[in-house]
Amino acid sequence: MKRVLLLVCMSLPLLAEVKQLSLHQAIEMLKKENLELKIAKFNAQMKRLEAEVVKGKNYGKADLTISAMRSNDAGNVFGFKLQSREATFGDFGFRDFLGGISQLTTGVPYSNLGTALGDPALQNQMLSIAPEDLNYPKARNHYLTKFSYMLPLYTGGKLTEYGRISNMLYEMSQLDSRKLLNVKIYETKKAFYDISLVENYIYNLRKIIKNISTLENVVRSMQKEGYAQEVDLLEVQARKAEAESMYNQAKLNRELAYQFLSFLLNHEVASIKKVSDMATMPSVSKTALEAYNLDIQKAKLGLEISQHAVALEKSRFLPEVGGFAEYGSADNSLWNDFSQKDFYTVGVQVSWNIFNGGQDKSNMEKAKLNYLKTRDQVELARKGIALKVKKLRTEILSIESDIRSYQKQLRFARRVYQNYKTRYKEGLVSISDVLIKQSKELEMLLKLLTAKNKRNTKVFELDSILNRGGTV
């Protein structure tokens, strides 16, 4: 895991190093530069746009269509002329029809013309004439310009509920962004306090190494005078090598903490302003917890969404009414005599689903059950968060008690070590006894710093639950 984090941190862009960065500055930089927070903001913006899309459906839809066509299809050509208001009796084939009548009635006296036209055989002959102008028209251009508008007049409340739900989903995405911000602030604070603690550890290790070096010089002097053996010197040197190894490991841990902090801030951090190695315990109020905890807010918002989901399912039992209007003009040349050849259509359509196999009823019952489940989840969130806060406070108080104990034990271990070092010079104890006491000092130092780190982690977790944001 450390290797993966190290590789990620090494891939950061090369920027000017920030020195003596304060925790407040780091949190402000985090809000602006952290890549995960930027992605979360993009997700929230997309949810906002989705809400705008739903809102836009209330205003209907308007389309402008311009089409250009050319055809010699008989149906198309006749339709083109009719839409352009240019159809004539000749387009129906009357030329061939009248010509057929003239041909069939040639030689018939005028006085007998009516009788001849009433003859069924003659009528059948006239009706069987195929009109050339209608069946084989010349190819014609057709330009159609049309503006159409459709508007939902009544949807049973569907669009209203969709709009409310989409707005709440946008609010939910904002809560998710704030929760992520709390997590990143938690990680940033922890990185600062980790660095400060490891700096403290390094400082104490330097003192311990210096003390061991002093002890090493004492042993050398005593060895020259015959009061110490070579094995005593080797034992001290071995302990010094162990302390130096711990010192080098501590410096590597500090470097890793800086790399992680740089990754969080998306900026290279060279040094920070040290903070107290004990984070401030936040005050906890049940009222503030109910009002500001993000998990409780999300649960409440989810309950509202489930309420509107029930209303949405109820709306499916109601009819939908939509209005539409259309205006345009058509001709064999574009926009020629537009107003003379225009047309319009207006109308209203009512749609009402009266049976779908009981699907709507089942979906509504499902939505009601989801509402009841979400209501219980809100109560669970309240009680669960309250229990977690109490648990964290109890753990913090317990660790604080351990810290006070370790501080006393560390002071005692240092005094004992100094006492044993003096007694060693007097030949009253062995070098092993001295080093054992020195190990006890180092052990208590490690326990103290580990306890402080554990306490800080709990404090920052409590801060995150209380949604204190960037409060330092």
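Colleague: Which residues in α3 do Leu30, Lys31, Lys32 and Glu33 in α2 meet?
Modeller: The model is a predicted one. In it, the α2 side of the contact consists of Leu30, Lys31, Lys32 and Glu33. On the α3 side, they meet Leu35, Leu37, Lys38 and Lys41.

Colleague: How many charged residues does the contact of α2 with α3 have?
Modeller: Sorted by class, this contact has three nonpolar residues and no polar ones. The number of charged residues in the contact of α2 with α3 is five.

Colleague: Which strands stand at the edges of the open sheet, and why is one side of each left without a neighbour?
Modeller: The four strands have the order β1-β2-β3-β4, with antiparallel pairing. Each edge strand has a single partner strand, so one side of it is left without a neighbour in the sheet. The strands at the edges are β1 (61-71) and β4 (342-351).

Colleague: What is the bridge partner of Glu326 in β4?
Modeller: Strand β3 (residues 320-331) pairs with β4 in the antiparallel sense, over ten bridges. The partner of Glu326 in β4 is Thr345.

Colleague: At about what angle does α4 run to β2?
Modeller: Helix α4 (residues 74-83) lies across β1, β2 (140-154), β3 and β4. Its angle to β2 is about 65°.

Terms used. Residues numbered from 1 in each chain as written. Predicted model: local features only at pLDDT ≥ 70, side-chain atom pairs only at ≥ 80, totals over all residues. Heavy atoms only, no water. Pairing = 2+ DSSP bridges. Helix = DSSP H or I, 4+ residues; strand = E, 2+ residues; numbered from the N terminus. Contact = heavy atoms within 4.5 Å. Axes fitted to C-alpha atoms, helices over the stretch in contact; angles between N-to-C directions. Nonpolar A, V, L, I, M, F, W, Y, C, P; charged D, E, K, R; others polar.
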